[in-house]
Amino acid sequence: MTSRLEALVLDANDPARLAAFWGSVLERNVVESPDDDGVLTLTAPDDVSFPIDIEPTRHPKRLRNRMHFDLTSSSSDDQQATVERVLSLGGRHFDVGQLPTEPHVVLADPEGNEFCVLGPDNRFTAGCGRIGALSCDGSRAAGEFWQAALDWLMVWDEGDETAIQSPHGGTKISWGGPPLMEKPPKNRWHLDIRPYGDQAAEVERLEQLGAARTDIGQGRVSWVVMRDPDGNEFCVLSGARPA
């Protein structure tokens, strides 16, 4: 038994603004949660993409995220158009120490979440869709854990660097190896996964793979909060929905 990637979850101080920003940049529809919990969802545009849930938080962003988007471009003009669109929507350029000669552009959304707009010649993300990669600051152990958790393909395995991808294609998830950035008490971005079978059995399997249960003040909820081998939170949802 394994789990499917149900959604990427982004904490936001202003969910409506952040949803409007990413909905425009990614050309996705934004829908409200039927549970009236303030969560907004950027729906998946196809069967291989994952939804993006944007949920409210009171906590400000203080550290760089351990996850970021690598957005693809079809041409140099397309890359520049994406950058201009981001800036017009309230994003900004962001300095992470990149060189002026590098082919990607580093930006931040209105809440300071970092991301990259790749050049058209990036072969690693070719054919992966608009979000070419969800790039993670993380160890080899984390990459191996998530490969086993989701039963995805290991498509890059070089030294401490790993990357996985669904057998059906779509966005890759990659880990760049040490050193790891400082982790906040709770990451602003995390993954929600849903077991294909029994939740309790899947939690036990994930523990055997190196994850651990954790308490972030969630109280009594239907999901189980866990940490991967790098200490990053993720949620195991209850029940199984059709793939």
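Predicted model: local features only at pLDDT ≥ 70, side-chain atom pairs only at ≥ 80, totals over all residues.

Author: Glu-27 counts as exposed, because its relative accessibility is 62% and the cut-off for exposed is over 50%.

Now the backbone. Phi of Glu-27 is near 55°, a positive value, and the residue is not a glycine. Most residues other than glycine have a negative phi. Glu-27 sits in the loop that links H1 to strand E2 (30–32). The positive phi comes just after H1.

H1 covers residues 15–26, twelve residues in total. From first C-alpha to last, H1 reaches 16 Å, close to the 16 Å expected at 1.5 Å a residue. Its buried residues are Pro-15, Leu-18, Ala-19, Phe-21, Trp-22, Gly-23, Val-25 and Leu-26. Leu-26, in H1, is buried, whereas Glu-27 is exposed.

Asp-151 lies in the loop between helix H3 (140–150) and strand E10 (153–158). With a relative accessible area of 48%, Asp-151 is partly exposed.

Another backbone feature belongs here. The peptide bond between Pro-178 and Pro-179 is cis, with omega of about 0°. Most peptide bonds are trans. Pro-179 is in the loop between strand E12 (172–175) and strand E13 (189–195).

For a residue in a strand, take Arg-227. It belongs to strand E15 (residues 224–227). Arg-227 counts as partly exposed, because its relative accessibility is 21% and buried means under 20%. Arg-227 and Ala-212 are 15 residues apart in sequence, yet their C-alpha atoms are 5.3 Å apart. Leaving out residues up to four places away in sequence, Arg-227 touches several others, among them Lys-183, Pro-185, Ala-212, Glu-233 and Phe-234.

Now the whole chain. It has four helices and 16 strands. The C-alpha trace spans about 50 × 45 × 35 Å along its principal axes. Buried residues make up 49% of the chain. Of the contacts with a separation of 6 or more, 63% join residues 24 or more positions apart. The chain exposes about 12,100 Å², and carbon and sulfur atoms supply 48% of that area. There are 23 positive and 39 negative charges, with mean positions 3 Å apart.

Terms used: Residues numbered from 1 in each chain as written. Heavy atoms only, no water. Helix = DSSP H or I, 4+ residues; strand = E, 2+ residues; numbered from the N terminus. Expected span 1.5 Å × (residues − 1). Buried < 20%, exposed > 50% of the residue type's maximum accessible area, 1.4 Å probe, protein only. Contact = heavy atoms within 4.5 Å. Areas by Shrake-Rupley, 256 points an atom, 1.4 Å probe, with all protein chains shown as cover. Lys, Arg positive; Asp, Glu negative; His and termini not counted. Charge placed at Lys NZ, Arg CZ, Asp CG, Glu CD.
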